[in-house]
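Please take a moment to turn the model around on your screen before reading on.

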Amino acid sequence: MAEFKDGFLWGGATAANQYEGAYLEDGKGMSVADVMSVGSHQQPRRIGVEREEGVVYPYDFASDGYHRYSEDCALLKEMGFTCYRMSIAWARIFPNGDDAKPNEAGLRHYERVFSELREVGIEPVVTLSHNELPLNIVTSYGGWGDKRVIDMYVRYCITVFDRYRDLVRYWLPFNEVNNLLLPLGAFIQGGIYHDGTEYFTAQPDYLQERIDALNNVLIASARAVKAGRDINPDFHFGTMICHITQYPRTCCPEDQLLVQADDLYRNCMCSDVMLRGEYPYYAWTYFRRHGIELELSDEERADLKAGTCDFYTFSYYQSICQTTREDEFTDQTSGNIMGGVRNPYLELTDWDWPIDPVGLRYTLNKVYDRYRVPVMITENGLGAVDAVEEDCSIHDSYRIDYLRRHIEEMRKAVDDGVDLIGYTPWGCIDLVSVSTGEMKKRYGFIYVDADDEGNGTFDRYRKDSFYWYKKVIASNGEDLD
Ligand code: BG6
């Protein structure tokens, strides 16, 4: 069987808002993340443009990574990471999004982080926007629907490209950009807020608004990519797609058509634009059928073409099943925010996400066949509750099992011929969950001693998976025992 290539990027991933804490330190402005309350699997997170008294906002403290990045960097190095995916909080650089000058303290912070990573031989893979839109863009501009936000984003990107041109080579313009195709993405990605909205999972929804915002995001991405290549031709730019792999629940032809259409729209449309430089035919069909009007100027069309990415990255946690025969298959995976009906062949996590390692091989082949560019898995992993023993050890065999089964399928995909260049499992250092705002939904190799309310020492402990992943990396994916 083929092996992972030499120089394969082994690492892990975090995002500033879920990891850093220090939410107003060193001149940082408020972002959309800072107005999302704690929640749980049963209790949806509250959102609003103002904070409420007596409510816990978990990103205030998160994993305290802003203060502990040096210690974390040493732990990542100890595991043998060759890359680390992280994000820059836009509101640390431009606190309000539209400021005349960037915030030097914010720029200096990431300079220190990138330099430390480089010093220990870890390649940073940097997301430019990961649910961290400055809140002022929501309250003063109404979010991404306003074309002026494109210029603000490009200016922010140029500022960091210039500053870190010798420290960072891999850039991801937007995290899970296609989630703006779901109502869930409206606030945290599109910056769209309507008075009276209370819950992250129950936002009033206007499709036209989301598509307008997404279109501006895609134009902004292309302009940033083009500007970045002018600054350093060695920069690499990747998509970041939330790939929700879909299967028809039955072999009835209508189920195939349903999945084909939804897969194109949800999983392929944004990467088609970002890698092929134009909206695909089925996007225009979808817009027409849903009464969406979208006009692009000649300049915007030219920019989409000129600013295409050069590698494909995606998050992969689960697959879903869809069917037209809903009366026959009533077993919804209700706790799973991605919807769908239950796949009887798959187990669920404690948060009801179906576990499907084979689907990862299927997906890798699908996306490589479609785009023929190098592929990186920039998120994958198991959110689970961990128990800490008296001696601070954590025996997370369930996580090792999940990751092992996924890496085995990655290896098979490499043998199938997929050009896979890297793997950064999510939340390598425990952090706050996006969907529920909990700390207790943990993904990490490194345990962070903090609870959902921010109580704890924030000390770091090595889990069993830490030692296991270290062996995996040292053997370039050969030793999975
Ligand atoms: C992805 C996001 O959707 O999934 C991450 O890019 C997120 O930010 C991850 O944390 C896991 O989801 P959750 O809800 O378990 O945090």
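This is a predicted model: local features need pLDDT of at least 70, side-chain atom pairs count only at pLDDT 80 or more; totals for chains, interfaces and linings use all residues.

Residues are numbered from 1 along each chain as its sequence is written, and side-chain values use heavy atoms, with hydrogens and water left out.

**Spaces inside and at the surface**

On a 1 Å grid over the protein atoms alone, a cavity is a set of points where a 1.4 Å probe fits but cannot get out, and a pocket is an open set with protein on both sides within 12 Å along at least five of seven lines. Lining residues have an atom within 4 Å of a point. Grid points are joined across faces, edges and corners, and a volume is the space filled by probe spheres set on the points. A search of the whole structure finds eight cavities of 30 Å³ or more.

The table sorts lining residues by class: Ala, Val, Leu, Ile, Met, Phe, Trp, Tyr, Cys and Pro are nonpolar, Asp, Glu, Lys and Arg are charged, and the others, Gly among them, are polar.

| Space | Volume | Lining by class |
|---|---|---|
| Largest cavity | about 430 Å³ | 16 nonpolar, twelve polar, three charged residues |
| Largest pocket | about 230 Å³ | six nonpolar, two polar, two charged residues |
| Second largest cavity | about 140 Å³ | twelve nonpolar, four polar, two charged residues |

The largest cavity is lined by 31 residues, and those closest to its centre are Glu-176, Asn-179, Trp-353, Val-434 and Ser-435. Around the second largest cavity there are 18 lining residues, with Tyr-19, Tyr-69, Tyr-84, Met-86 and Val-113 nearest its centre. Two or more residues of this lining come from each of α1 (16-19), α2 (65-79), β2 (83-87) and α4 (104-119). Helices (H or I, at least four residues) and strands (E, at least two) are DSSP runs, numbered from the N terminus. The largest share of the lining of the second largest cavity, six residues, belongs to α2.

The lining of the largest pocket includes Ala-261, Asp-262, Tyr-281, Tyr-282 and His-290. Both α9 (253-276) and α10 (281-289) give two or more residues to it, and α10 gives the most, with five.

**Aromatic rings**

A pair of aromatic rings is described by the distance of the centres and the angle of the planes. Rings of Phe, Tyr and Trp (its six-membered ring) pair if their centres lie within 6.5 Å; planes under 30 degrees apart count as stacked, over 60 as edge-to-face and the rest as tilted. The structure has 38 aromatic pairs. In one of them, the ring centres of Trp-171 and Phe-235 are 5.6 Å apart and the planes meet at 70°, so this pair is edge-to-face. Because Trp-171 sits in strand β4 (residues 170-172) and Phe-235 in the loop between α8 (207-231) and β5 (236-237), the pair ties together parts that are 64 residues apart in sequence.

Trp-171 is buried at 0%, and Phe-235 is buried at 2%.

Tyr-281 and Tyr-282 also form an edge-to-face pair, because their centres are 5.6 Å apart and their planes lie at 85°. Here Tyr-281 is exposed at 64%, whereas Tyr-282 is buried at 10%.

Ring pairs also join Phe-4, Phe-8, Trp-10, Phe-81, Tyr-423, Phe-445, Trp-468 and Tyr-469 into a cluster.

**Helix α13**

The expected span of a helix is 1.5 Å times one less than its number of residues. The 20 residues of α13 (residues 397-416) should therefore span 28 Å, which agrees with the 29 Å between its end C-alpha atoms. Its buried residues include Arg-399, Tyr-402, Leu-403 and Met-410. Among the elements covering the buried residues of α13 are α12 (357-371) and α14 (464-474). After α13 comes Gly-417, with a positive phi near 115°.

**Two single residues**

Cys-321 belongs to strand β9 (residues 319-322) and is buried at 4% relative accessibility. Leaving out residues up to four places away in sequence, Cys-321 touches Tyr-247, Arg-249, Gly-340, Val-341 and Asn-343, where contact means heavy atoms within 4.5 Å.

Thr-349 lies in the loop between β9 and α12 and is buried at 12% relative accessibility. Beyond its neighbours within four places in sequence, Thr-349 is in contact with Ile-355 and Leu-382.

Notes
Buried means under 20% relative accessible area, exposed over 50%, partly exposed in between (1.4 Å probe, protein chains only).
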